[in-house]
Amino acid sequence: MTSVTTPSATRMSHREVVQALSGLMLGLFVSILASTIVSNALPRIIADLGGSQSVYTWIVTTELLAMTATVPLWGKMADLYSKKLLIQLSLGLFVAGSLIAGLTPDVGILIVSRVVQGIGAGGMGALAMIVMAAMIPPRELGRYSGLFGAVFGVATIAGPLIGGLLVDTSWLGWRWCFLIGVPFSLAAIVLLQKTLHLPPTPRRAVSIDWLGASLITAGVCDLLIWSTLAGNHFAWGSWPTVLFVAAGLLLLALAVRVESRAKEPIIPLSIFRNRTVSLAILASVLVGLAMFGGTVFLSQYFQISLGKTPTVAGLMSLPLIFGLLVSSTVAGQLITKYGRWKAYLVAGAVVMTAGMVLLSTIDAHTSVPMLALYMAVLGVGVGMLMQNLVLAAQNDVPAQELGATTSALTFFRSMGGAIGVSALGAVLASRVTTMLADRFGAPATGGTAKVPDLATLPPEVLTVVREVYGEATAGLFLIGAPIAALAVLAVLFIKEKPLHTLSGDERRAQEEAAAGAPLA
């Protein structure tokens, strides 16, 4: 029988991998930063441009929405075209969106710019993981994925700190929360051009399933828009809810039908037959729901309920950064050393749930040290869980499905985050409006309360507003805790398998050689 060997010429040295990762990590950092840097600046942005609590949520949600909806398309194109060129294209779109946002004259244009930013960020988020899987064997991926998990965590949580510093610096202001990413994105494009060297993508006849992509995008957008509007503009149990949900489910059902027949599906349905992938996707959705849905409103809680400045509010997020950074890095190193990974998934899900429960007890009088402890617990849990879900799924699929699998995981995690932000944002807006009306004895109106300018409020009103926002924010984590607990069940049923020792490119070459090898 003819032996099948794997070409080693494509294997990159540790130095080459680190050089290539430097550009990827810079691009990923900047794209993720865009999602979080505005959180501490939003109260000031909304006050300057004028807007309600619903607008506050939409500025965050639209970026997540665009990122979520386009991830599958980026992942599919990564299997067909140059990954390097696609990453640079995604960063170029991000630069365009950042410039528009930084120069925006009103809230409407700001929301449009966030859509453009989200499309670019979606490409960067999906493609970075795909390129990593192509370069690095799963057995060695832990030492590098820990770094990417740390980058993800630092960008997610450091954004509010950087945003707060920019807002509090008089000669800069909130517009630099968007403009600051431009030079770093351009630097990442140049760095990737010099350091990222991948085998050329084989030329072949391709047909992208644009109908499937359109149906997926429309269905997801419909459900996300519903989760944002419900509870504010109409009741959860109302005819508009029925219409929105029915339309979204119908569009997604049509997408499944189209995808099942497409020659080049955007999300191959075959990947869902793999138990590990399906459970990892479920856990990713739950992590996105719990983490993004709760933490995106912490900065608002720090400023409105605790009365902190944007800069101090950013500093208060550091325990979450350090918890995520340490646990992600340590878990990655231990996985590389011993080759075992499931224990970190289970422990991470349990610790994340505990962090959500602890944060559900906060109010306007919670001490800073206690808050720091609660956030550190949450950070440790997320750090052990998030990147290792990707590792588990990538290790359990053929090399030719790495792009589709990775983009599917990123897509569903982003979708969970977008749903979490929009739905919990709607809950927060509704509760704040209702509670303020109850406290002041005023009838509830059809709209939502505007984000208050604390400097203009009399002391007795300020006290009530702070208590209301504290209580309402704690309620978000109380909702998120059982969602996080479901992630524990999901990861418990993932079967641990030995990690591959070949990179994605090497595995693809081996699989293709095996498929075409003649028998003796």
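Start with the contacts, meaning heavy atoms within 4.5 Å: among those in the chain between residues at least 6 apart in sequence, 85% join residues at least 24 apart. Bear in mind that this is a predicted model, where local features need pLDDT of at least 70, side-chain atom pairs count only at pLDDT 80 or more, and totals for chains, interfaces and linings use all residues. Numbering runs from 1 along each chain as its sequence is written, and side-chain values use heavy atoms, with hydrogens and water left out.

Now colour by secondary structure. You'll get 19 helices and 0 strands; these are DSSP runs numbered from the N terminus (helices are H or I, at least four residues; strands are E, at least two). Of the 520 residues in the chain, 58% are buried, that is, under 20% relative accessible area, with exposed over 50% and partly exposed in between (1.4 Å probe, protein chains only).

Next, select helix 4 (residues 83-102) and helix 5 (residues 107-135), which pack at an angle of about 155 degrees with axes 8 Å apart. Axes here are lines fitted to C-alpha atoms over the stretch in contact, and angles run from 0 to 180 degrees between N-to-C directions. So helix 4 is roughly antiparallel to helix 5 (over 145 degrees; under 35 is roughly parallel, 65 to 115 roughly perpendicular, the rest oblique). Show side chains: among the residues that meet are L86, L93 and I100 of helix 4, and I109, V116 and M124 of helix 5. By class, this contact has 15 nonpolar, 7 polar and 1 charged residues. Nonpolar covers Ala, Val, Leu, Ile, Met, Phe, Trp, Tyr, Cys and Pro, charged covers Asp, Glu, Lys and Arg, and the others, Gly among them, are polar.

Contact residues include K84, Q88, G92 and V95 of helix 4, plus V182, S185 and L192 of helix 8. The class count is 10 nonpolar, 6 polar and 1 charged residues.

Last stop: A155, in helix 6 (residues 138-168). Is A155 buried or exposed? Its relative accessibility is 0%, so A155 counts as buried. Leaving out residues up to four places away in sequence, A155 touches F29, I32, L33 and T36.
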